[in-house]
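Let's take a friendly walk through a protein model together. Have a look at the sequence and the 3D view first, and then read on.

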Amino acid sequence: MQKVAPPRTYRVKSFGCQMNVYDGERMAELLGEQGIAPAPEGEEADLVVLNTCHIREKAAEKVYSDIGRLRREDGTSPLIAVAGCVAQAEGEEIMARAPAVRMVVGPQAYHRLPGMIADAVEGRRVTDTDMPAETKFDALPARRRVGPSAFLTVQEGCDKFCTYCVVPYTRGAEVSRPFAALVEEAARLVDAGAREITLLGQNVNAWQGEDARGRAIGLEGLVRALAALPDLARIRYTTSHPADMSEALIAAHGEIGKLMPFLHLPVQSGNDRVLKAMNRSHTAESYLAILDRVRAARPDIALSGDFIVGFPGESEAEFEDTLGLVEAVGYAQCFSFKYSPRPGTPAATMADQIAPEVMDDRLQRLQAALNRDQLAFNEASLGRTCEVLVERKGRHPGQWLGKSPWLQSVHFEGEAQVGEIVTVQLASAGPNSLRGIRKVPAEA
Ligand code: SAH
Ligand code: SF4
Ligand code: F3S
């Protein structure tokens with residue numbers, strides 16, 4: 001490949017989950033430290049990082065169309081690095097199929113990007129999908145400026161091996177970052193402007209560590225330590241697995257005021273045969289029992305989940321069990337997906353793959369039920385006031401956008417500043433957001 005000038009500008013495009021977004025931010029900071037600047041909006045970047053997601057089919061296809069779109073009229077392209085979970089899973093295939101790609105870097109190796117860029121500039125094509133023992137986190141620059149709501153990866157990888165899922169293969173085994181490093185990174189995030197921190201992990205509630213005195217603690221211990229940071233107002237965590245929902249963590253929802261009343265606890269299906277075939281370690285009943293205990297600890301908790309429809313062999317009656325579970329829970333919001341066969345996963349070769357039109361129909365019915373519940377949840381807040389963390393300006397002058405404790409998007413009118421927590425009188429509700437007016441302190 002031809003040598004090129006060292007890149008002066010970069011653009012990072014993230015396609016995946018919140019951890020993928022976090023990785024994208026950290027890669028951007030790393031490039032910034034190398035003296036590479038973010039490309040101005042609308043201008044071509046010298047270096048483009050496509051930070052990919054492998055979770056469903058469409059996600060991977062998008063990468064190839066994006067690579068195609070970066071091609072210039074003369075046939076050349078900017079320096080392209082493919083990062084993220086597609087890079088991990090299909091690095092070799094990408095190199096073979098997309099000659100314009102100079103770098104492929106997996107989610108555990110991206111701290112090595114600077115060296116890879118040096119090679120790529122010399123005309124070499126480089127792949128690094130190692131899962132090195134040294135952690136990337138130690139090699140990344142400290143965080144300097146973040147928005148009011150920041151992510152912090154505390155746990156990575158998955159040992160659960162649900163039969164449909166690529167994550168255990170793309171992210172590797174479950175690893176918890178050490179307590180001291182996390183407390184330090186959280187303190188830096190607060191110094192850099194964060195009022196809210198969302199702790200991230202593929203199975204975040206599997207996090208374990210030792211506190212400053214050497215005692216073994218779980219996620220609740222980490223949350224408690226972070227709650228002691230005076231300028232940090234809110235703590236959230238995602239994504240949890242039912243199997244790791246310990247009594248101590250459940251109790252923490254009733255004990256730690258800064259821990260927001262929101263729990264994202266994916267269930268995937270409401271039918272026990274399907275759950276077993278998925279290799280989920282819970283039943284519908286054991287899942288509902290966890291939610292009961294969480295609600296006992298924190299009665300106003302908002303619940304969220306993930307669902308897959310059309311898993312191989314799912315019958316109409318089994319799908320209806322999922323609708324029944326939705327009815328029983330009353331979720332505040334949810335994500336739902338059509339099953340997508342992923343190469344290398346056990347479910348991809350299971351008998352009785354479900355026809356696309358059946359999946360479409362089930363997804364529609366499930367989403368209708370979830371949307372109904374989401375609207376009902378939002379409407380139940382009408383007439384009340386709530387605390388909103390202001391995240392950014394709205395589209396119209398004098399309008400702001402922020403989040404309620406229950407993770408609802410709230411648009412409101414009035415004076416405010418980004419990062420402030422204000423009291424808003426809620427006046428109208430839609431399925432995806434609420435509207436209101438700021439109450440000035442005198443009337444609040
Ligand atoms: N670790 C988390 C989330 C992993 S991925 C958990 O276990 O809950 C996020 C969601 O994507 C999953 O919860 C699941 O609903 C969905 N998902 C994963 N693999 C999928 C597949 N092959 N097809 C469709 N949806 C999938
Ligand atoms: Fe995937 Fe299951 Fe692990 Fe979640 S718990 S990341 S769905 S294998
Ligand atoms: Fe996608 Fe990887 Fe996240 S597959 S969902 S970017 S862990």
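Contact here means heavy atoms within 4.5 Å. Helices (H or I, at least four residues) and strands (E, at least two) are DSSP runs, numbered from the N terminus. This is a predicted model, in which local features need pLDDT of at least 70 and side-chain atom pairs count only at pLDDT 80 or more, while totals for chains, interfaces and linings use all residues. Residues are numbered from 1 along each chain as its sequence is written, chains are lettered from A and ligands numbered from 1 in the order in which they are written, and side-chain values use heavy atoms, with hydrogens and water left out.

Let's begin with strand S4. A residue is called buried under 20% relative accessible area, exposed over 50%, and partly exposed in between (1.4 Å probe, protein chains only). Five of the five residues of S4 (residues 79–83) are buried, so the strand is largely enclosed by the rest of the structure. Leu79, Ala81 and Ala83 lie on one side of S4, Ile80 and Val82 on the other, and both faces are covered.

| Partner of S4 | Sense | Bridges |
|---|---|---|
| S3 (residues 47–52) | parallel | five |
| S5 (residues 101–105) | parallel | four |

From S3 the chain passes through helix H2 (residues 57–69) to S4, a right-handed β-α-β crossover. Right-handed means that, with the strands pointing away from the viewer, the path from the first strand over the helix to the second runs clockwise. On the S5 side, Ala83 has Val105 as its bridge partner. The chain goes from S4 through helix H3 (residues 84–97) to S5, and this β-α-β crossover is right-handed.

Next comes helix H4 (residues 113–121), where Leu113, Met116, Ile117, Ala120 and Val121 are buried. They cover an arc of only 135 degrees around the axis, which puts them on the same side of H4; the arc is that of the directions from the helix axis to the C-beta atoms. Among what covers these buried residues are helix H1 (18–33), S3, S4, S5 and strand S6 (126–128). Just after H4, Gly123 takes a positive phi of about 100 degrees.

How values were computed: Two strands pair if DSSP finds at least two bridges between them.
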